[in-house]
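Please look over the sequence and the structure shown here, and then follow the text through a few of its parts.

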Amino acid sequence: MGEFNFSVILDAIRRSPDGLSRVELAGIVGLAAQTVSNICRRLLNQNLIVEAGKYGHGPGKPRTILKLNPAGMYAIGVHLDPVETNYALLDLTGAVAVHRTLPARPDGEPAEVIQSIAAEIESIIVEAGIDRSKVAGVGVAAPGPIDGAEGSVIKPPHMPRWGRVELREELHQALKLPVLLDKDVTAAVAAEIWAGGLSGTGSFAFVYMGTGIGAGLVLDDDVVRGSSGNAGEIGHIIADPDGPPCDCGRRGCVKVTCMPENILAEALKDGITAVTGLKDASLQESMAALSKAAADGDAKANALLDRVAERFGTAVSVLTNLLDVDHVVFGGPFWLHFEAKFLDKLPALLNELSVISKVHGLEVVGTSVSHEVGAVGAACLVLEDTFGPNANSLVLAEGE
Ligand SMILES: [Zn+2]
C-alpha cells in the first residue's frame, strides 16, 4: 500500500511540470497531509524529486514547490528492427538525454546481436556520465509477434536466423539490469502517453508506420496489450477489396496494400519517374522521393498517395468503430513521408467512415514525440513500469 501511494504521488508530480506544493498534492491524490509529507521526505531522500523554490503571499507560511528531479533516475530503450537499431536514454522526466541509431544486422546470429546491443547500452551509460545504479532498466521494443509472459520474440520479420528467442532473459544476463520486452507499437503508445502531451491522453489508436504496419491501442489512458502482448495486429484488415491476393487467402489486406514495400512496388509499376530514376535507393529514400514528387505536383505520385490514404482510411475506420477512440495518432519511421497527404485527406475520410463521428469528434494527428518513437517508447515502458500509477517494480521499495 505504501508503495502504491509512492507511485501515485510521484505520478502527480510528474504530471505537473511547474511543480506542486505538498498541500496541492494532498488535494490531488486524496491522502492525509501527514502521509503526503512522509512520502515526499522519502522521495527527496532518494533524489527522485527536488524542492524548487517557494511561493505564497499574504498570511500563512509560503509553500515549497516540489518537482521531479530529471537526474533522479534514467531508463534506456532499444528498438529492434531489421533495418536499424535505435537507442534512447531518457531522464526521469522523459526527456531524451542520449540517442543513437545504428545499422541493424538482420543476418546476424541472435546471440551475437544481443551481445552487441548490451555493449552499445554499456557505452551509452558511459557517454551519459551517469551512475549505473541510476538506470531503472532497459526496455526493448520488438516487431510482433512476441510471447509477453516469456519475454520472447518469435520469428521477427526479415531476421531469418531468429526463431523463438528469449530476448528479455538473455539481455538481462548480459547486462544485469532489469529488462522489459513489448511490441514496437505498444512502445510507441507508451511514448505518446509519457511524452506526447495532450495526444497521449484519453482513448486513441496509434498507427505505427514502420517496415510493417501495426496499431497500438489506449483505452481510457490504459495501454491495451491483450493476453500475450500482441493486441493491434492489423495486417489482415482489408484495406482495398479489389487489391492483390494476400497469403491469408483474401484480397487487399493492409499487409499487401499499405506497407512501404507495397507502395514502392506500385510506384515503380506506375512509372513515377522520381522513384524509377533512383539507383540503389533504400526504402526510406524511395518513399522520400515519392512524397517530394507528390508535393511538387507530380500527378501520378499524388494519385498513388491518394489511394494509399484511402486504404488507410478504410483500415483505420475498423479500429475507430470497434474501439470508440477519440483520436488517431500516426507515427513510426515512415510517417514523415505520408504526413502531408494523410493530414489533408484522412480526417474527412475517417469521419465519413466512423459511426462515432456522429457522437464526438475524431481527430487525426501526427505523433509529437521527437526522435525515434520505438526506442523512446521502450524507455518509457520502463518509466511506466517503475514509476507509473500501476508500477510493478521494486526501485522505489529499496534504499529507504
Ligand atoms: Zn491477409
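The model is predicted, so local features need pLDDT of at least 70 and side-chain atom pairs count only at pLDDT 80 or more, while totals for chains, interfaces and linings use all residues. Residues are numbered from 1 along each chain as its sequence is written, and side-chain values use heavy atoms, with hydrogens and water left out.

D220 belongs to the loop between β12 (213–219) and β13 (222–224), where helices (H or I, at least four residues) and strands (E, at least two) are DSSP runs numbered from the N terminus.

Turning to helix α8 (residues 260–269), one finds that P260, N262, I263, L264, E266 and A267 are buried. These buried residues pack against β12, α7 (254–257), α9 (273–276), α10 (283–295), α11 (299–323) and α12 (335–353), contact here meaning heavy atoms within 4.5 Å. After α8 comes G271, which has a positive phi, near 70 degrees.

Helix α11 contains G313, which counts as buried because its relative accessibility is 0%. Leaving aside residues up to four places away in sequence, G313 touches L346, L350 and L353. Although G313 and L346 are 33 residues apart along the chain, their C-alpha atoms are separated by 6.0 Å.

Definitions and conventions:
Buried < 20%, exposed > 50% of the residue type's maximum accessible area, 1.4 Å probe, protein only.
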